[in-house]
Each structure stands twice: as structure tokens, then as C-alpha cells.
Amino acid sequence: FNAFVIASAIIKRGDQFLVFEEERLGQRLLNFPGGRMCPNEIPSETAAREAQEETGLTIRVTNLVAVTQGTWADGGLFAKFIFEAEALNGHEHAEKTATIHWLTKEQILDPAQR
């Protein structure tokens, strides 16, 4: 069995959620911080580490909200753990070519409200 385990964090502040706007496969998409699990890590640790690396924020993971599975475009398999979290501290920044936005649920679901 050859699959990646990834974890992401839905970081909430008041009624807003931290999302990345990033280029993927030629499209601008919204995404939550996250990435691949390292050896000797559990999924909640992965979500916290990835959030720190990608946003500069220290977070506290509060709840597991979903576990999904899928196939990458190259045929590789993955399992994804999705957690709720709250920002504790840190200086917010985006890595690479992404832009950070704090959006309400309505803004995330309806691009016309962004």
C-alpha cells in the first residue's frame, strides 16, 4: 500500500476562516493550510506544523472534522485528515505564491462576495 497521509487545518478567528488563494493547475483556488505527514508525526501534529510553516501562525487543533481519501492527478493515493483549529499567536505571512485571506463562510462559498 503506497499512499500519502496529509492533514490540514481550518483556522477560525471570530466568524472568519483563514484560506490561501493560490495557483493550481492553471486556476486560482482557495485552500486551507496543510501538507504531508512526516515520520513519527500524528495527523494533528502535521496540521499544526504545516499551518506554522505556511502561515507563520501557531495554532491549537480543536477537533477532527473529516477524513477523506482520493487520488492525485498522477494516480497516487492519499488520505486526508481535516481539523478545526484556532490561531494562538505568530506573525501571519503566506508562503510561495499564495495570498492569505480571512473570509466568512459566505465569502468562501460565493466568489462574488470576495
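Guide: Before we start, one term: two strands count as paired if DSSP finds at least two bridges between them. Also keep in mind that you're looking at a predicted model.

Visitor: Got it. In the hairpin of β2 and β3, which residue takes a positive phi?

Guide: Start with the pairing: β2 and β3 run antiparallel and are joined by five bridges. Since at least two bridges are needed for a pair, these strands qualify with their five. Two residues sit between the strands of this hairpin, and the one with a positive phi, near 50 degrees, is Leu25.

Visitor: Which residue in β3 stands opposite Glu22?

Guide: Stay with the five bridges that join β2 to β3. Follow the one at Glu22 across to β3, and you land on Leu29.

Visitor: Is Leu29 buried or exposed, or something in between?

Guide: Leu29 has its place in strand β3, and its contacts beyond four places in sequence are Phe20, Glu21, Glu22 and Arg24. Its relative accessible area is 35%. Buried needs under 20% and exposed needs over 50%, so Leu29 is partly exposed.

Visitor: How far apart in space are Leu29 and Ala98?

Guide: Along the chain, 69 residues separate Leu29 from Ala98. In space, going from C-alpha to C-alpha, the distance is 9.7 Å.

Visitor: Now β1. Which strand does β1 pair with in the parallel sense?

Guide: Let's go through the partners of β1, which covers residues 3-13. With β4 (residues 34-36) the pairing is antiparallel over three bridges, and with β2 (residues 16-24) it is antiparallel over two. The parallel pairing has ten bridges, and the partner there is β6.

Visitor: Which residue in the turn between β1 and β2 has a positive phi?

Guide: β1 and β2 run antiparallel, with Lys12 opposite Phe17 in β2. They make a hairpin with two residues between them. The turn residue with a phi of about 65 degrees is Gly14.

Visitor: In β7, what is the bridge partner of Phe17?

Guide: On this side, β2 pairs antiparallel with β7 (residues 99-104) over six bridges. In β7, the partner of Phe17 is Leu103.

Visitor: Let's switch to helix α1. Why does Thr55 count as buried?

Guide: Thr55 is found in α1, which covers residues 43-55. It touches Leu18, Phe20, Pro33, His91, Glu92, His93 and Ile100, leaving out residues up to four places away. Buried means under 20% relative accessible area, and Thr55 counts as buried because its value is 0%.

Visitor: Which residue's backbone nitrogen does the side chain of Thr55 reach?

Guide: The side chain of Thr55 has a polar atom 2.5 Å from the backbone oxygen of Ala51. At 3.1 Å, it also reaches the backbone nitrogen of Leu57.

Visitor: Last topic: the largest pocket. Which strand gives the most to its lining?

Guide: The largest pocket holds about 750 Å³ of space. It has 26 lining residues, and the closest to its centre are Glu22, Arg24, Asn31, Gly34 and Trp72. β1, β2, β3, β4 and α1 each supply at least two residues. With four residues, the top contributor is β2.

Note on methods. Residues are numbered from 1 along each chain as its sequence is written. This is a predicted model: local features need pLDDT of at least 70, side-chain atom pairs count only at pLDDT 80 or more; totals for chains, interfaces and linings use all residues. Side-chain values use heavy atoms; hydrogens and water are left out. Buried means under 20% relative accessible area, exposed over 50%, partly exposed in between (1.4 Å probe, protein chains only). A polar contact is a pair of N or O atoms within 3.5 Å; within protein, one must be able to donate a hydrogen and the other to accept it, and residues adjacent in sequence count only if both atoms are side-chain atoms. Contact means heavy atoms within 4.5 Å. On a 1 Å grid over the protein atoms alone, a cavity is a set of points where a 1.4 Å probe fits but cannot get out, and a pocket is an open set with protein on both sides within 12 Å along at least five of seven lines; lining residues have an atom within 4 Å of a point. Grid points are joined across faces, edges and corners, and a volume is the space filled by probe spheres set on the points.
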